[in-house]
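Can you walk me through the ring contacts and the metal site in this protein? Please keep it short.

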Amino acid sequence: MTTDTNRVIIFDTTLRDGEQSPGASMNLDEKLRIAAVLEEMGVDVIEAGFPIASEGDFEAVHEIAKMVKKSTVCGLARATKGDIERCAEAIKPAASGRIHTFISTSPLHMKYKLQMEPEKVFEKVKESVAFARNFTDDVEWSAEDGSRTEREFLARCVEAAIASGAGTINIPDTVGYALPHEFSDLIRYLFNTVPNIDKAIISVHCHNDLGLAVANSLAAVDAGARQVECTINGLGERAGNAAMEEIVMAMRTRGDLMPFTTGIVTENITRASRLVSAVTGFTVQPNKAIVGKNAFAHESGIHQDGMLKHAQTYEIMTPESVGLTQSKLVLGKHSGRHAFSEKLKALGYSISDEDMQDAFVRFKALADKKKDVFDEDICALVDDEVLRVNDRLQLECLEILCGTKHQPPKSELTMIIDGERKSCKSQGDGPVDAAFNAVKKLFPHGARLQLYQVHAVTGGTDAQAEVTVRLEEGGRTVNGQAADTDTMVASVKAYINALNKLLLKREKTAPSALSA
Ligand code: KIV
Ligand code: ZN
């Protein structure tokens with residue numbers, strides 16, 4: 001992949017470990033969109049899913065493998081023939097495909113989770129890697145719970161995995177337990193102990209249970225690791241994984257002490273962060289490093305004064321370096337198709353002529369309602385369009401009566417359900433409740449509302465509202481989104497979007513012990 005000894009391979013697992021966050025499930029279209037952005041931003045390896053976990057996961061890995069040309073597409077597999085065969089099948093169409101197979105090596109996991117003796121695990125390491133090599137030359141092996149594994153045993157397993165054909169050895173801090181100096185010491189120990197270590201790339205995969213995932217990853221790189229597994233916005237199991245944007249920007253900003261490079265086009269970071277947040281409904285905390293709303297905001301007078309005199313007084317990296325451009329007034333109702341399509345290209349969208357035409361009509365409608373149309377409005381508008389392809393349920397008309405004179409609030413709703421127009425009236429404790437009750441009346445369902453979240457796409461009282469609705473039904477969770485200048489319309493569209501996704505969603509039947 002690279003011969004530069006200071007080049008760090010970025011392995012993104014947003015679509016696998018990230019998707020394992022409760023509530024963060026994504027459908028195929030969403031995964032394809034995220035994969036396209038990851039490829040464009042220069043991610044070396046995209047872990048696209050866990051093919052044995054479900055039909056949906058298999059399909060996602062398979063479709064991403066067909067679509068992606070520049071990044072390696074990877075699938076996860078436990079140390080069994082069935083998992084590895086399924087993974088091999090899923091990555092088959094990839095220009096460059098990887099099988100990532102793992103097994104737990106810590107005493108705790110071997111005894112209680114696997115109920116296997118260490119020697120049996122050791123045999124499985126060799127068998128699984130050798131078996132995976134029948135399908136591809138690019139095999140990664142992970143020692144799950146590596147940071148809590150006895151060092152001598154870990155070193156033996158690593159040596160055996162390399163000897164069996166693994167080109168990448170991943171040492172996860174699965175439960176986010178390690179401290180930076182301890183973790184770098186473990187990596188150094190492996191470099192000093194494993195005789196064939198120079199035949200493999202050493203990778204790390206850190207979870208954030210103690211808020212140390214990024215620090216541990218950087219400490220490991222300092223000790224010789226040359227692949228980092230991470231996710232956009234730090235999404236992932238429990239407290240998440242190491243945040244890619246933080247790792248990449250730390251290396252870029254502190255090249256004086258960390259002379260490492262990545263292939264990431266950092267100017268794409270903000271776009272990727274927004275897309276992952278919109279798709280999952282996981283808002284980024286305002287003070288989150290690199291991608292939080294306030295990451296480049298300077299509130300206090302002293303800071304603002306310093307910034308005006310010299311930006312570097314309080315800014316260690318520029319907002320532009322992470323793709324955060326000043327929100328400019330870009331287009332208005334007199335802007336033409338050409339300007340609109342140029343704008344879309346500048347924002348990183350490549351959509352078909354037909355989608356472009358639809359988006360343009362919607363842009364004109366928005367510009368009629370909203371005087372100032374910002375970049376963020378255009379992103380929301382295009383993203384909103386993509387969300388509604390092939391919907392079985394559609395909103396046709398919504399009317400709400402609310403306010404001090406109309407108690408309880410009332411709604412009147414018309415929907416198209418499988419091509420049939422249906423209308424009803426309803427009421428509720430508030431306007432949202434009244435509107436959602438109407439949806440439920442027209443399309444009865446058992447899904448439970450887990451999250452209803454509104455945020456303004458831009459500033460100003462004429463801002464578009466971007467709404468996320470999370471629904472859960474029979475253990476399956478989906479996130480619906482929509483944007484509109486009318487908050488109630490956006491709310492009902494987001495609710496309907498979530499219902500459409502529930503209708504589409506395939507059973508996600510996780511085999512036992514899929515915890516990774
Ligand atoms: O956290 C973990 O150990 C994992 C492995 C499967 C790499 O996700
Ligand atoms: Zn993990």
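The questions below go through aromatic pairs, charges over rings and the metal site.

This is a predicted model: local features need pLDDT of at least 70, side-chain atom pairs count only at pLDDT 80 or more, and totals for chains, interfaces and linings use all residues. Residues are numbered from 1 along each chain as its sequence is written, chains are lettered from A and ligands numbered from 1 in the order in which they are written, and side-chain values use heavy atoms, with hydrogens and water left out.

Q: How many aromatic pairs does the model have?
A: Rings of Phe, Tyr and Trp (its six-membered ring) pair if their centres lie within 6.5 Å. By this rule, the number of aromatic pairs is 7.

Q: Which kind of pair do phenylalanine 131 and phenylalanine 135 form?
A: Planes under 30 degrees apart count as stacked, over 60 as edge-to-face and the rest as tilted. Here the ring centres are 5.3 Å apart. The planes stand at 80 degrees, so the pair is edge-to-face.

Q: Is phenylalanine 131 buried or exposed?
A: Buried means under 20% relative accessible area, exposed over 50%, and partly exposed in between (1.4 Å probe, protein chains only). Phenylalanine 135, at 40%, is partly exposed. Phenylalanine 131 has 14%, so it is buried.

Q: How many residues apart are phenylalanine 436 and tyrosine 452?
A: These two form an edge-to-face pair, 5.8 Å centre to centre with 90 degrees between the planes. Helices (H or I, at least four residues) and strands (E, at least two) are DSSP runs, numbered from the N terminus. Phenylalanine 436 is in helix H15 (residues 431-442) and tyrosine 452 in strand E14 (residues 448-456), a separation of 16 residues.

Q: Which ring lies under the charged end of arginine 86?
A: A charge sits over a ring if NZ of Lys or CZ of Arg is within 6 Å of the ring centre and within 35 degrees of the ring normal. Arginine 156 does this with phenylalanine 122, 4.1 Å from its centre. For arginine 86, the distance is 3.8 Å and the ring is that of phenylalanine 58.

Q: Which residues are the protein donors of the zinc ion (ligand 2)?
A: Donors are N, O and S atoms within 2.8 Å of the metal (3.2 Å for Na, K and Ca); water is not among the atoms, so sites may look incomplete. The donors lie 2.0 to 2.1 Å from the zinc ion and are Asp17 (OD), His205 (NE2) and His207 (NE2).
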